Every structure is written in structure tokens, then in C-alpha cells.
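Have a look at the sequence and the structure first, and then read on.

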Amino acid sequence: MAAVWRLSVDDAVAAVVPIVVYWAYSGVHMALGHARAMEKYRLNSKDEEDNKNMVSKRAVLANVLMQHAMQLAAVALLTLTGGGRGGATATTTTTSYLTAARQIAVAVVVFDAYRYAWHRLAHRNRFIYRHLHSWHHRIVVPYAFGAIYGHPLEALIADTAGGSLAILASGLPSSPPGATAVFLTLCTVQGIDNHCGLCLLPRGLRSVWNGAAHHGVHHLPRGVRHNFSDLFFVTWDRVFGTHLPYAVVERSGGEGLMLTPMPPTASSKNK
């Protein structure tokens, strides 16, 4: 009974912690977005956020809450089909932590590649875009707690199925308690960072790591068929020729920043 109780607690942590982090971290970003000291980092004005988006924040809130309920159900199902935590024991060692770190790294790469492939398909296939992915692009000016807003079916395909594939492929179910929660929390934090509307990522990292600027370009009319890297690495866009260069420039009067897409490269035009 003790083992069964511990398993239930571990699974509850993996299910609940990312959701708690989502609301806490997006709340911090929303507060920062209203702080006067952060105005110089904003990629869009408050008027643009309020007027350009085609869905209300109340509708976004309801959609995100529904998706979190779906995530809770998915983690429960994954537990039943994954056979528990296998070789994980109550005693953890340095070796087990290193194994967990390696498994998390593998899960990140697998999920990131999956998300890029799905995101690109969702834009190139007219049926998928019209009936599923266009929901997400109702948010023209991204903001933190709208990071996962979208069609429920796409949430199952992109998030639930992709995340489950990454967890199983990396061997995370057999890792020490909490490893799956760490992976899902990393994905949660990165997704919010990409939609927060604040350009906080140092310029030197933008050629490798995703952020509000790279993903913000994708939400612009000129960038909607580029910059499909959806979570961690922008490398996928560079490798597969879907990267749209951009510049982050100061707005006139110094009131925040503005994204300026540059002409795509020859390889991007042909994709």
C-alpha cells in the first residue's frame, strides 16, 4: 500500500505542479507587463493587446482552464498505460539524478521536434489551420496566460500526445520522483516566456533559444508562415529554412519595442 500511495503522490505532483506554475508564472508576467519599469521591454502596447486580439480574455481563461482539466486526465491515463515508475525507488542517488537529467534533456528535444513538425503542418495544411490552429491565432498580440489557448483537439494532438510521446520515449516514467514534473514545468515556463510580450532574452541567445521576439514575429501577418519553432530551440527554423529574420527596435518616443520582420532568405522563400 505504501508503494501505491507514493506512486499516486508522484503522479499528482506531475499533474498539478505545471498547472500551478502556469498560473503563478503567467501572473508574474502579467504584473510585470503593467509595471512602468517594464514598459521599455514591451513588444506591443496595451492598446494593441486590447484592440487587436479577436478573442476576449474571459474566453481565453475558460479555454485554458478546460485544457488544464484535459492535462490532469492525460497524466492519469499515462500513469495507467505506462506501468508506473518501474525501477524508481524511494532512495535517490547521484547516478539516478544524472539519469533523470539526461532523460529530461531527451524529452525536451523530442517534444521540441514534435511541436515544430506539428506547428509547421498546422500552417501548411489549410484544413488543419482553418479548423484547428486558427484558434490560437485569434490572439494576434500574445500575452502570458493565453500561451496555450487553442482548439481542444489541437491541444490533444500537440500537447497531450506530443508530451506523452516525449515522456515515454525518454524513459521518464522510470526516473526518480518529480522528474516528469520538472520536464512539464520547463515546457510550461518556456511556453509562457514565448507569449509574454516582453523581450527579456539577451540578444546573444536569440539565434538559438526561443522567446517572445522570435515567436512574436510568427504572430505577425508577415511572419505567420515562418518561425514555427514553438518551444525551446529556434534551430529547427534555421535548419529547415523557415526562419524569418527580424529586428527589435525602439518605438518612437522610447515607449517600448517593436518587431520589424526582415526579408526572408532564399531558402525560406522556397519552403
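How much accessible surface does the protein chain have, and what share of it belongs to carbon and sulfur atoms? The accessible surface comes to about 13,300 Å², and 66% of that belongs to carbon and sulfur atoms. Areas like this come from the Shrake-Rupley method with a 1.4 Å probe, and for residues only the protein chains shown count as cover. Before we go further, keep in mind that this is a predicted model, where local features need pLDDT of at least 70 and side-chain atom pairs count only at pLDDT 80 or more, while totals for chains, interfaces and linings use all residues. Residues are numbered from 1 along each chain as its sequence is written, and side-chain values use heavy atoms, with hydrogens and water left out.

Now for the overall build. The protein chain has ten helices and two strands. Here helices (H or I, at least four residues) and strands (E, at least two) are DSSP runs, numbered from the N terminus. Follow the sequence along and you get the pattern α-α-α-α-α-α-α-α-α-β-β-α. Of the 271 residues, 46% are buried; buried means under 20% relative accessible area, exposed means over 50%, and partly exposed is in between (1.4 Å probe, protein chains only). Contacts (heavy atoms within 4.5 Å) tell us about the fold too: among those with a separation of 6 or more, 70% are between residues 24 or more positions apart.

Let's head inside. A nonpolar core is a set of buried Ala, Val, Leu, Ile, Met, Phe, Trp, Tyr and Cys residues joined through side-chain atoms within 4.5 Å. The largest one has 25 residues, and Leu 43, Val 60, Val 248 and Leu 259 touch the most other members. At least two residues each come from α1 (2-34), α3 (57-82), α8, β1 (246-250) and β2, and α8 gives the most, with three. Zoom in on Val 60: leaving out residues up to four places away in sequence, Val 60 touches Val 55, Ile 139, Tyr 143, Phe 145, Gly 146 and Tyr 149. There's also a second, separate core of 13 residues, including Ala 100, Ile 104, Ala 107 and Phe 111.

What about empty space? Rolling a probe the size of a water molecule over the atoms shows where empty space is left. On a 1 Å grid over the protein atoms alone, a cavity is a set of points where a 1.4 Å probe fits but cannot get out, and a pocket is an open set with protein on both sides within 12 Å along at least five of seven lines; lining residues have an atom within 4 Å of a point. Grid points are joined across faces, edges and corners, and a volume is the space filled by probe spheres set on the points.

The largest pocket holds about 220 Å³ of space. It is lined by 17 residues, and Leu 43, Asn 44, Leu 220, Arg 251 and Leu 259 are the closest to its centre. So Leu 259 turns up in both places, because it is also one of the residues that touch the most other members of the largest nonpolar core. Elements supplying at least two lining residues each are α2 (46-52), α7 (179-195), α8 (212-218) and β2 (257-261). By class, nine of the lining residues are nonpolar, five polar and three charged (Ala, Val, Leu, Ile, Met, Phe, Trp, Tyr, Cys and Pro count as nonpolar, Asp, Glu, Lys and Arg as charged, and the others, Gly among them, as polar).

To finish, meet two individual residues. Tyr 116 sits in helix α4 (residues 94-124) and is buried, with a relative accessible area of 5%. Tyr 116 and Phe 228 are 112 residues apart in sequence, yet their C-alpha atoms are 5.8 Å apart in space. Not counting residues up to four places away in sequence, Tyr 116 touches Phe 228, Ser 229, Trp 236, Asp 237, Phe 240 and Thr 242.

Asn 227 is found in the loop between α8 and α9 (235-239). Most residues other than glycine have a negative phi. Asn 227 has a positive phi of about 55 degrees, although it is not a glycine. Asn 227 also counts as buried, at 0% relative accessibility.
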